[in-house]
Amino acid sequence: SDSTMGRTVVLEEGELNRLTASTRVGPYTGVLIGQASEQKDFVVLIFPTPSLKEITGGEKLAVDGDWWVEEHSKQVSRMLPGGLVVIGLLVCCPSEEFKSQQARSCGLLSKMLTQSQSHGVVLHSCSKSRKYRFYSMDRTDSQSGLRPTEMKAQAFTSGWYKLETSVVLDTSAYTTGTKLEELIQSSLQHILKGTHEALGTVNGQLCRGGQPLAKLCGDTQGVEVTVPVKLYITKDSPSDPPKIVESSSLVKIAGHIKSYAYMHPKASCEETITALRCDLESSILNRCRAFCEDCQEDDGEEKDARGGKPKPAPLQGGQLPRRVQVLLSTSPLLLTDYCFPDEDEEECKSRVVELLGADPSSVTIQPLENFPLPPPSKEQTPHPSDTPSSSPSSGAPPANNQRVGLVPIAVGLAAILVAAVLIWTMQT
């Protein structure tokens, strides 16, 4: 079809060398990480899907199914900075088997891509001949199937742009609901809306639509150099007078969030700001989901004796997981992960190594955001009457030892902190 005709896949040379040198025996699958331009698909990283047999220790879940390939793709996508997405599927098997499984590959690839991606790529590596070939799939044409596409192997990622921004959040919202995740999602709606409409400057110059990013970056090209970006998040001006509403919960989120993105040299300013917006939004949502899952693990056992339902906690406070950098010795690009304040570097590294199938010696974890204090224990959670009535001023980080809602937080000038204070007083 028109959307895939003439497209070229540009594969990072180092990733091709690692793939051809791999001793893993097929058949197996994997995810292709990259970025799409108008006529090219850049593949910068390849991560084979880890075997469930290795993860589960040979239990009944040892047979890898499509659901596991899709789940692995989702988990890897949460580690990607702005500008990078799951762009395709790796299939390692004999050529005759691949030909008979193309419909299955198309269906699996469609599930791995986001709704905004109109096409994806499949890299077939023949487990017998060790030869490889790329195919393109057009999602807008269900009858097109996989079509062979041109491929070039180059060492190019070191010449990309790395852009970084930092955003201050200080917001609270009264919400109604019975589930913690529903409460948080509801309170975040106006933040995400403002983020989606944010304006940006690169090197102090306003970004204008299709303007080439290179014009604003000047000589600061290369992933080793960080280009500063400022995002100006819009805030809604209430058109109606304040109303008194019945609410069951107050959700407050305050602190600094760092966001960064990688862009190819011919990217536009609009594409760049969109990539940073998406990274910021996904970073907020990923932390909140992880926090909710952690709360369910901690409090899910407590049941209501009458109905068998979980008892709603009268009061809760906690810190969202921090974002850490994942450095791979095999690539100049940085990935990320999310770690709670009580998790150490080795726990985080072990999870990353398992997910990416990487050699432990090739993975380094570095802090991107610092948590100066451990999370408060439930016994130490202060009473609402102990909470000061004033809140931090918008646009500035909390001062040292200042309380934000119910969580005492100490923040230095260089510290980057994201704290969530979740308060709900539901009546049973």
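Modeller: Begin with strands. Two strands pair if DSSP finds at least two bridges between them. Helices (H or I, at least four residues) and strands (E, at least two) are DSSP runs, numbered from the N terminus. Here, β10 and strand β11 (residues 205-206) pair in the antiparallel sense, over 2 bridges.

Biologist: Before we go on, what sort of model is this?

Modeller: This is a predicted model: local features need pLDDT of at least 70, side-chain atom pairs count only at pLDDT 80 or more, and totals for chains, interfaces and linings use all residues. Residues are numbered from 1 along each chain as its sequence is written, and side-chain values use heavy atoms, with hydrogens and water left out.

Biologist: Which residue is the bridge partner of T201 in β11?

Modeller: L206 is the partner of T201. Now look at the hairpin of β10 and β11. It has 2 residues between the strands, and N203 takes a positive phi near 55 degrees.

Biologist: How many bridges join β10 to β12?

Modeller: There are 4 bridges between strand β10 (residues 199-202) and β12, and the two run antiparallel. Find G200, then look across to β12: L231 stands opposite.

Biologist: Which other strand is joined to β6 by bridges?

Modeller: Strand β7 (residues 146-148) is joined to β6 by 3 bridges, and they run antiparallel. S136 has R147 as its bridge partner in β7.

Biologist: Is L213 buried or exposed?

Modeller: L213 has a relative accessible area of 0%, so this residue is buried. L213 is found in helix α7 (residues 213-217). Compare sequence and space too: L213 and I273 are 60 residues apart in sequence, and their C-alpha atoms are 10.0 Å apart.

Biologist: Now charges. What is the general idea?

Modeller: Side chains of opposite charge can pair when their charged atoms come close. A salt bridge is a side-chain nitrogen of Lys or Arg within 4 Å of a carboxyl oxygen of Asp or Glu. By this rule the count is 9 salt bridges.

Biologist: Where do K74 and E70 lie?

Modeller: Both K74 and E70 lie in helix α3 (residues 66-77), 4 residues apart, which is about one turn of the helix. They form a salt bridge, with the closest N and O atoms 3.9 Å apart. K74 is partly exposed, at 40% relative accessibility.

Biologist: What about the side chains of E96 and K128?

Modeller: E96 and K128 meet in a salt bridge at 3.0 Å, N to O. E96 lies in helix α4 (residues 95-100) and K128 in the loop between β5 and β6, so the pair ties together parts that are 32 residues apart in sequence. E96 is partly exposed at 48%, while K128 is exposed at 60%.

Biologist: Which residues are linked in a network of salt bridges?

Modeller: D337, E343 and R351 are linked in such a network. The closest N and O atoms of E343 and R351 are 3.1 Å apart. Check the cover: E343 is buried, with a relative accessible area of 17%, and R351 is partly exposed at 32%.

Biologist: Last topic: surface patches. What are patches made of?

Modeller: They are made of residues with over 30% relative accessible area and no salt bridge. Like charges are joined within 9 Å, and nonpolar side chains (Val, Leu, Ile, Met, Phe, Trp, Tyr) within 5 Å. Accessible areas come from the Shrake-Rupley method with a 1.4 Å probe; for residues, only the protein chains shown count as cover. L199, L206 and Y232 form a nonpolar patch on the surface, with about 300 Å² of accessible area together.

Biologist: Where is Y232 placed?

Modeller: Y232 is in strand β12 (residues 222-232). Y232 is partly exposed, with a relative accessible area of 45%.

Technical notes:
Buried < 20%, exposed > 50% of the residue type's maximum accessible area, 1.4 Å probe, protein only.
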